[in-house]
Amino acid sequence: MKMAEGRKTANVSILRSRPGNSEEPKFETYPVPIEGKTSLLNALDYISENLDPSLGYYSSCRIGKCMGCQVVIDGKVRFACTTLVQGDVTVMPLRQFKVIKDLVVDRRKEE
Amino acid sequence: MSSVESLSDKMMETDVLVVGSEGAGSTAVLEAIKQGVSVTVVTKGSNIGRSGATVTGDADLDVDSRSLHERFGLKGTDTRDNQAVFFDDMLKGGKYLNNQKLVEIHVEAAPDRLQDLVDWGVKIDGLLHASGHSYPRGVVIPGTKLMPVLRRTVLSTNVNLVPYTMITELLTNRGRVVGAVGINGATGEFVVFKAKAVILCTGGAMRMYPYTTAPEELTGDGSAMAFRAGAELVDMEFPMFLPGVFPWPPAVKGVDIPFLLSTGGFVAGWMLNKNGDRFMRHWDPINLEWTTRDICSVAMMTEILADRGGPHGGVYVSLKHLPDDVIDHLEDWMPSEFYMHYGGFNMREYLPDLKRESIESVPASHFFNGGIRINEQCATSLPGLFAAGEVTGGVHGANRLSGNAFTEMVVWGHRSGRFAAEYAKQSPDVSIDGEQLREMRGKTFAPLERKKGVSQAQIRKRMQQVAWEKAGVLRDGDGLEQALAEFVRIREEELPQVSVRSKDRVFNREWARTLELENMLLIMEMVCRTSIKRTESRGALYRRDYPDTDNINWLKNQIVSNRDGEISVRSEPIVVTRAEPPKKVLKYGKTE
């Protein structure tokens with residue numbers, strides 16, 4: 001059980017990268033307090049506001065319509081906004097596009 | 001004189017620059033390209049259809065029922081309808097503040113613009129008869145199906161698409177707009193766009209409020225930069241709200257469930273306060289929760305501000321009055337997008353057992369009726385600047401009819417593209433004022449370069465809370481004055497202290513959020529100043545201290561203009577072509 005009873009923190013591991021810099025992509029893990037049913041997008045907002053303002057990710061409608069927040073969550077392509085954080089989770093950028101920064105990808109090529 | 005080249009990381013030249021890529025922006029691009037000019041479109045999103053309000057629309061597009069019958073052969077039309085009836089409905093909905101010259105064009109051009117969409121490959125899903133319309137006019141075209149078609153159509157042209165880019169200011173020279181500047185998040189570049197004409201299609205500003213159905217980009221950028229450049233705005237006292245979004249849990253905050261939480265829905269739950277009072281009886285004892293959206297929002301907010309709501313800040317919505325088997329069968333007859341699925345959410349994960357428990361609901365900001373003032377050619381008061389869609393004011397007056405946002409974006413997007421292209425063709429070459437560019441660059445980079453300071457996130461949250469409590473669904477003179485003082489104080493004292501913590505220029509969310517915050521504060525200030533002056537209640541503005549609609553003194557539009565950087569408000573008589581409103585004082589929510 002990733003999120004033991006009484007424990008209200010989820011570890012969110014994000015593949016960080018910044019093409020153009022010499023550093024290789026690497027995972028960073030952030031402890032995010034969880035109160036009520038919350039989405040991965042809310043967790044990313046928490047990290048960005050409180051833990052690491054340099055985190056790059058994109059979001060717009062927050063209701064699963066624009067598809068802009070699509071990322072790879074525990075190996076599957078999902079929307080960050082409609083995916084509940086139910087325990088520790090691993091997040092990576094979409095594979096088919098060039099990475100701009102962290103979870104932000106260049107989607108100009110999509111139909 | 002500063003060198004323009006040294007001040008820009010990148011320079012792009014175009015005949016027409018379209019700011020915003022969605023319903024209005026895409027149709028503006030397509031029409032401008034048809035006119036044979038070069039077009040660049042800039043979006044905050046990753047591509048067309050990946051940002052903005054259009055893709056979130058559920059949504060219907062209004063065309064008069066007779067045209068739908070004659071030209072599109074749709075089922076369910078009513079041929080008693082015509083464009084004159086549609087015109088009258090828009091004025092009743094807008095409480096007669098609409099610019100009637102614009103409304104005439106709007107109802108007349110709607111069928112042609114629907115034809116464009118069909119020609120491009122958009123499929124019509126059905127026809128709705130939404131409240132406020134005398135006849136069925138709501139052509140069902142969900143934004144999620146519309147935008148892929150517009151994306152393909154726009155990207156098949158030679159348009160220059162610049163994604164992940166926030167335009168921060170308009171460039172002016174000798175009294176006309178000559179382009180714009182912004183930050184390209186993908187490259188971190190400060191980009192200078194040199195253009196003969198600029199069209200703003202940036203949408204509304206509804207992220208000013210903590211509960212909203214609007215996407216993240218809608219932070220009033222277009223209206224704010226137009227004001228700073230010197231263009232006039234109109235009807236800024238009319239941000240609009242709808243009842244019925246979740247305040248909790250966090251995953252679905254701001255999500256609306258039309259079937260249950262809104263009065264336009266299929267089943268109106270009973271709305272209760274914490275004393276168990278079904279409070280709608282005090283507002284509309286006949287229709288109760290089925291009353292209009294504005295009255296419903298006002299009633300809910302009255303309970304919330306009097307601390308008669310639930311623990312998460314909303315009022316209770318209950319279906320417990322229904323027998324279990326009625327609740328069991330709701331799913332069988334209701335369209336699934338309105339019931340257990342909404343957007344990408346499976347509502348089963350969030351709803352309690354509705355046979356036993358209630359859910360909490362709050363009103364939410366939904367649409368900005370006012371905005372940049374345009375004429376019939378989408379031209380603003382500033383030469384070279386055009387605007388279309390939610391960023392403009394005048395079409396909807398004090399309140400928008402359901403389905404008319406989509407009509408607005410295609411009718412006026414198209415027109416803006418046409419007239420901006422014509423303007424660009426007749427324009428001489430433009431030149432950029434280096435001194436102005438230097439100032440804009442300095443201002444844009446200031447929060448990034450400031451080493452220490454306050455965080456924008458806290459200021460944004462406080463601004464939203466003040467807006468919610470004092471300048472939102474329920475307003476009054478004292479509250480508005482307090483809100484205004486607070487917004488001015490934040491602008492003068494706190495905004496100049498905001499520091500962006502990460503100094504990376506590439507996709508720096510906090511930097512963009514800081515620039516948006518300035519825009520939202522400016523728009524909120526306009527909301528306050530215009531609401532204070534309008535001593536009545538009308539459409540999307542409800543004032544507790546002036547609850548009646550005063551057609552004797554207030555058949556006027558308020559015009560916002562920039563006087564040496566300060567907001568100046570004046571009023572002008574409404575623009576009438578054929579519909580004369582009744583000259584009397586009316587109860588709020590009534591038109592005759």
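The model is predicted, and local features need pLDDT of at least 70, side-chain atom pairs count only at pLDDT 80 or more, and totals for chains, interfaces and linings use all residues. Residues are numbered from 1 along each chain as its sequence is written, while chains are lettered from A and ligands numbered from 1 in the order in which they are written. Helices (H or I, at least four residues) and strands (E, at least two) are DSSP runs, numbered from the N terminus.

Two packed helices are described by the angle between their axes and the distance between the axes. In chain B, helix α2 (residues 23-34) packs on helix α11 (residues 404-426). The angle is about 35°, and the axes are 7 Å apart. Here the axes are lines fitted to C-alpha atoms, for helices over the stretch in contact, and angles run from 0 to 180 degrees between N-to-C directions. The crossing of α2(B) and α11(B) is right-handed. A crossing is right-handed if the near helix is turned clockwise from the far one by less than a right angle, and left-handed if anticlockwise. From α2(B), the contact residues include B:Gly23, B:Ala24, B:Val29 and B:Leu30. From α11(B), they include B:Phe406, B:Met409, B:Trp412 and B:Ala420. Two residues are in contact if their C-beta atoms, placed from the backbone, lie within 7 Å. By class, this contact has eleven nonpolar, eight polar and two charged residues. Ala, Val, Leu, Ile, Met, Phe, Trp, Tyr, Cys and Pro count as nonpolar, Asp, Glu, Lys and Arg as charged, and the others, Gly among them, as polar.

The two chains also touch. In chain B, 35 residues are in contact with 33 residues of chain A. On the chain B side, the elements that give two or more residues are α6 (143-155) and α15 (509-533). The largest share, three residues, comes from α6(B). By class, the chain B side has 15 nonpolar, eleven polar and nine charged residues.

Burial was assigned by counting neighbours. A residue is buried if 20 or more other C-beta atoms lie within 10 Å of its own, exposed if 12 or fewer, and partly exposed in between; C-beta atoms are placed from the backbone. Helix α1 (residues 40-51) of chain A has the buried residues A:Leu40, A:Leu41, A:Asn42, A:Ala43, A:Leu44, A:Asp45 and A:Ser48. Their cover includes β1 (9-16), β2 (26-33), β3 (70-73) and β5 (89-92) of chain A. It also includes α15 of chain B.

Helix α12 (residues 434-449) of chain B has 16 residues. At 1.5 Å a residue, it should span 22 Å, and its end C-alpha atoms are 21 Å apart, which agrees. The expected span is 1.5 Å times one less than the number of residues. A kink of about 25° lies at B:Lys443, shortly before the proline B:Pro447. The bend at a residue is the angle between axes fitted to the seven residues ending there and the seven starting there. Buried in α12(B) are B:Leu437, B:Met440 and B:Pro447. These buried residues pack against α1 (4-7), β7 (165-173), β8 (176-184), β9 (189-200) and α15 of chain B.

Some loops hold backbone features of note. A:Arg62 lies in the loop between α1 and β3 of chain A. Its phi is positive, about 65°, although A:Arg62 is not a glycine. A:Arg62 is buried because 30 other C-beta atoms lie within 10 Å. A:Asp102 lies in the loop between β6 (99-101) and β7 (104-105) of chain A. A:Asp102 has a positive phi of about 50° and is not a glycine either. With 26 other C-beta atoms within 10 Å, A:Asp102 is buried. In chain B, the peptide bond from B:Trp248 to B:Pro249 is cis, with omega near -5°. B:Pro249 is in the loop between β11 (239-245) and α8 (258-261) of chain B.

Glycines of chain B complete the survey. B:Gly479 is in helix α14 (residues 477-494). B:Gly479 is buried because it has 22 C-beta neighbours inside 10 Å. B:Gly126 sits in the loop between α5 (100-120) and β4 (127-128). With 14 C-beta neighbours inside 10 Å, B:Gly126 is partly exposed. B:Gly126 and B:Gly76 are 50 residues apart in sequence and 8.7 Å apart in space, C-alpha to C-alpha. B:Gly276 lies in the loop between β12 (270-272) and α9 (293-305). With 9 other C-beta atoms within 10 Å, B:Gly276 is exposed.
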